[in-house]
Amino acid sequence: MKNESRLYHKFRPAPYYGGIATADAVGCSFLCAYCWNYFRNENPAAQGRFQEPRDVAWHLLDIAQRKNFRRFRVTGSEPILGEASLGHVVQVIRMISDERPDSLFILETNGLMLGHRREFVQALKFPNLAIRVCLKGTDPESFARVTGSRADFFEVPLAGLRALQEADIEAWPALMEDLFSSEQVRSFQALLAKQGVRGDLELESLEPYPYVIKNLQQRNIQLVVP
Ligand code: SF4
């Protein structure tokens, strides 16, 4: 962040969610072994250009208009790193929501800061915002290996997801299926249910880029072959 501006490296139409105007930002509180934006997030200061919220909204609205999309997102990074980046993304969502009341903004987050600063969720109350909380491990040990973060932070994103749901914000959990056995997934679903998390666990698939495979090997993470 620089004042209200955040680093972005690309704006593009993407085929996911049936067609979505996409902004690729850089910078994350984790460095996941499978991150498709790994190298940019490893060294964010060397990437992209700082963009003010109105510029981000303008780029996304322009793409949506040209492609006849009604969905919007920011991806490739963690949108909420602290107060400044929260304020930035909230402004982007508000501008798009004002301009396109028919839109749906899908916010993809790792949930860490929402669990650490639960009051942040109050800024995310928009009727056309849906939040996908990408959980990284099924237990503290796998969480630490995947994210490169401390194992004792495992519970923090779960607290963030619960805080969103307790505030009646549409939010659901997601997990990278390829790294976990069906037994691990089942016991994680049971843990989520025990913690009162609502909604199905969305299972994502990994993109096996060569550097992703290398990162997984270096962190001693096995791909689970179905
Ligand atoms: S949380 Fe997402 S953006 Fe951040 S390093 Fe992990 S996969 Fe990449």
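Author: A quick word on sorting first: Ala, Val, Leu, Ile, Met, Phe, Trp, Tyr, Cys and Pro count as nonpolar, Asp, Glu, Lys and Arg as charged, and the others, Gly among them, as polar. Keep in mind, too, that this is a predicted model. With that sorting, the shell around the ligand splits into five nonpolar residues, four polar ones and one charged. Going by name, the ligand has Cys28, Phe30, Leu31, Cys32 and Cys35 around it, along with Asn41, Gly76, Ser77, Asn110 and Lys136. As for where that is, the ligand sits in the largest pocket.

Now for some aromatics. Tyr38 and Phe39 belong to one aromatic cluster with Tyr209 and Tyr211. The count of aromatic pairs comes to six. Take Tyr38 and Phe39: their ring centres are 5.4 Å apart and their planes stand at 75°, so this pair is edge-to-face, the cut-off being over 60 degrees. Tyr38 is buried, at 9% relative accessible area, while Phe39 is partly exposed, at 47%.

Then there's the nonpolar packing. The largest nonpolar core holds 64 residues, and those touching the most other members are Leu60, Ile80, Phe105, Leu124, Ile131, Leu164 and Leu179. Leaving out residues up to four places away in sequence, Leu60 touches Phe11, Ala21, Thr22, Ala23, Phe72, Arg73, Val92 and Ile96.

Terms used
Residues numbered from 1 in each chain as written. Predicted model: local features only at pLDDT ≥ 70, side-chain atom pairs only at ≥ 80, totals over all residues. Heavy atoms only, no water. Near = heavy atom within 4 Å. 1 Å grid on protein atoms, 1.4 Å probe; cavity = no way out; pocket = protein on both sides within 12 Å on 5 of 7 lines; lining within 4 Å. Sits in = over half its atoms within 2 Å of the grid points. Core = buried A, V, L, I, M, F, W, Y, C linked by side-chain atoms within 4.5 Å. Buried < 20%, exposed > 50% of the residue type's maximum accessible area, 1.4 Å probe, protein only. Contact = heavy atoms within 4.5 Å. Phe/Tyr/Trp six-rings, centres within 6.5 Å; stacked < 30°, edge-to-face > 60°.
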